[in-house]
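I opened the model to sort out its helices and sheets. My notes follow.

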Amino acid sequence: MISVKLPDGSPRELKDGASAADLAAAIGSRLAKDAVAAKVDGKVVDLALPLPHGATVQILTKKDKEALEVLRHSAAHMMADAILRIFPKAQLTIGPVVEDGFYYDIFLPEGKITVEDFPKIEGEMAKIAREGFVFQRCVARYDEANEFYARYKAIDGGHNKFKQELVDGIARRGEELTFYKHGDFIDLCRGPHVPSTAWLKNVKLTKVSGSYWRADANREQLVRVYGTAFFSKEELDEYFRVLEEAKKRDHRVLGEQLELFMFNEEAPGFPFYLPKGAALWNNLANYARNKLKKRAYQEVKGPIVLAESLWHKSGHYANYLENMFFTKMKMFDEKKPDAVVDVEEERPMAIKPMNCPGHCMIFKHKLRSHNEMPLRYSELGLVHRRELSGVRHGLFRVQAFTQDDAHHFVTPDQIVGEVNMLIDYFKEVYADFNITEYHMELSTRPAKRVGSEEMWDRAESALKQALESGGYNYKLNPGDGAFYGPKIDFHIKDTLKRTWQCGTIQLDFSMPARFELEYVGADGQRHTPVMIHRAGLGSLERFMGMIIEHYAGAFPLWLAPVQVWVIPVSEKFADYAREVHGKLLDFGLRAECNLKDDRLGYKIREASLQKIPYVIVLGDKEQAAGSINVRSRDKGELGEMTLDKYFSQLECWQK
Ligand SMILES: [Zn+2]
Ligand SMILES: [Zn+2]
């Protein structure tokens, strides 16, 4: 007999050689049916593997995130099987799981695989799934004749130098060589997999791209076939519906269509805001400022270029160097007037990747007392961070962005109160953008960090206490904190239920000491304050990209870059249109008067494409009555009314 522990700590007795599948069956027939894989002492394994005595075993069902990865990886095997049936000369290389699914990198000595082949491959995959082949784990000895190995080689590995390279690597490391077989297909793999191909009925191929063996451009070119898999057809359909919807909402597409921003190779990864984008950006900035005022923040403004030595002190130089921009002084050579030389500077300068050190220096400007704390400094701070071209993505990942940044300088007993205030604050902010779903994550000490263990203990327990005293549910992310302290991150869900990391509250027991910040406590002694870094929207750029997609470009009135268009039905009414336009501007609305030569119908359609919240049409009748005719983007025709009536019935138009 062996004994294993369930996740709740309760023991279970099982026969020698019993597997996780046996354990699931012993617990209940329902669990036996739902079981996908098992987590044995923290490692995900096949259900069929014999359990070691004394192990802690968790049965994974489709509700578990790891189970989905097992499913998707298993689907990669099935896809490889199907591809080999159609392209017998194809050679398999590796087939891992990725964020939204899986891929397999394949070498094709001749021909190619394109999306046109997908229906055929998917048809073959459906057949394999219907067969319900069991995934069988086979251990081979690579140094001697072995049935599994021989069989494997006959299918693919015989002429497959890629797999041979992998096998050689495994041999060198002295690791176990395992294969997985379903039906006649066998592949080199560490596992784990779902029990059988019957689980793989909801699989679809998504795209095909190129890659290189070992990601080395000097090696063989491979074709990468992507797919995704879900446990149910509903989830699979929903995935593609969201994907389709996301394509339509892509902020890069809408940014062009709505003329919000552009990019240019002269400044890669740095957005250029067009007039409407700049208006949208300013709306966000004004919004952030108004919120700050209500919470007794003091706005400050620090320089963008600061001495390199400062970043040594802050720890950024040691921990963040490769993401920083540095300035370099150049001069014309005195002897050779067309040559330029780099000047060795006495005080080399760097461009700030963060606003924190600037705020520390403002705090240090004079002696502080506990009476004036918490001190909350805010800054719409422009920071620059290097991002490799491969990871830059529209407004989501840029090289310069503005944070709605703030730093709270607090006494240790103010931490919990400040963090709770911030949680409430951020919840209010997200509600203003119709974001009602979010969760919090607490990230703790990373491997690369500054400060003593004792400091980290105190910081982590303070954040935990704030979360727990507020009764919030949160997820723990061990090892994911900033290098100077633990943090609470807000993960919000947009209309498409996609998750975005936005707000952050980071505790820092390190930087105030590095900058020798002090305040006089109630005891008359000098103390080091605690610093809280926080951002609600995160980066204005990224947040803007997110809300463009969240609203599909149809911004609420208060946020819309242009709120009203005034359109005269013909040139005859241009003066009246100008008069109405002036009154709208006086009221404070962002209004434009469209006096172009285009026909009325065309202008109205353009307003709809530009997602302008209100269109005011002016003709004979309106001019005679001194009225306006209003059409709302969201509510349709509102008809004729006076300007006063229009103003009085407007929904929230500024925040
Ligand atoms: Zn596998
Ligand atoms: Zn900071």
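**Helix 16.** How many residues of helix 16 are buried? I get 11 of the 11, so helix 16 is largely enclosed by the rest of the structure. I call a residue buried if 20 or more other C-beta atoms lie within 10 Å of its own, exposed if 12 or fewer, and partly exposed in between, with the C-beta atoms placed from the backbone. I class Asp, Glu, Lys and Arg as charged, Ala, Val, Leu, Ile, Met, Phe, Trp, Tyr, Cys and Pro as nonpolar, and the others, Gly among them, as polar.

**Ground rules.** This is a predicted model, in which local features need pLDDT of at least 70 and side-chain atom pairs count only at pLDDT 80 or more, while totals for chains, interfaces and linings use all residues. Residues are numbered from 1 along each chain as its sequence is written, and chains are lettered from A and ligands numbered from 1 in the order in which they are written. Helices (H or I, at least four residues) and strands (E, at least two) are DSSP runs, numbered from the N terminus.

I count a contact when two C-beta atoms, placed from the backbone, lie within 7 Å. Just after helix 16, A552 has a positive phi of about 50°.

I traced an open sheet with mixed pairing and the order 16-23-24-31-28-27-25-26. Its edge strands are strand 16 (298–299) and strand 26 (474–477), each pairing on one side only. Pairing here takes at least two DSSP bridges between the strands. Strand 24 (residues 400–410) and strand 31 (residues 530–539) are antiparallel partners over 7 bridges, and H408 stands opposite I532 of strand 31. Helix 16 (residues 540–550) packs on this sheet, and its direction makes about 35° with that of strand 31. Helix 13 (residues 415–432) lies across strands including strand 25 (438–443), strand 27 (487–493) and strand 28 (499–508), and runs at about 5° to strand 31. For these angles, axes are lines fitted to C-alpha atoms (for helices over the stretch in contact), and values run from 0 to 180 degrees between N-to-C directions.

I found another open sheet, antiparallel, ordered 9-10-11. Strand 9 (136–140) and strand 11 (185–188) are at its edges with a single partner strand each, so one side of each has no neighbour in the sheet. Neighbouring strands of this sheet are turned by 30° against each other on average, direction ignored. Strand 10 (residues 177–182) is joined to strand 11 by 4 bridges, and K181 has I186 as its bridge partner. Helix 3 (residues 65–86) lies across strand 10 and strand 11, at about 125° to strand 11.

**Helix 3 on helix 4.** I checked how helix 3 meets helix 4 (residues 118–131): the axes come within 9 Å and cross at roughly 120°. The two are therefore oblique to each other (under 35 degrees is roughly parallel, over 145 roughly antiparallel, 65 to 115 roughly perpendicular, the rest oblique). Among the residues in contact are M78, M79 and I83 of helix 3 and I121, M125 and I128 of helix 4. By class, the contact has 9 nonpolar, no polar and 4 charged residues.

Strand 1 (residues 2–5) and strand 2 (residues 11–14) run antiparallel, joined by 4 bridges. K5 has P11 as its bridge partner. The hairpin has 5 residues between the strands, and G9 takes a positive phi near 95°.
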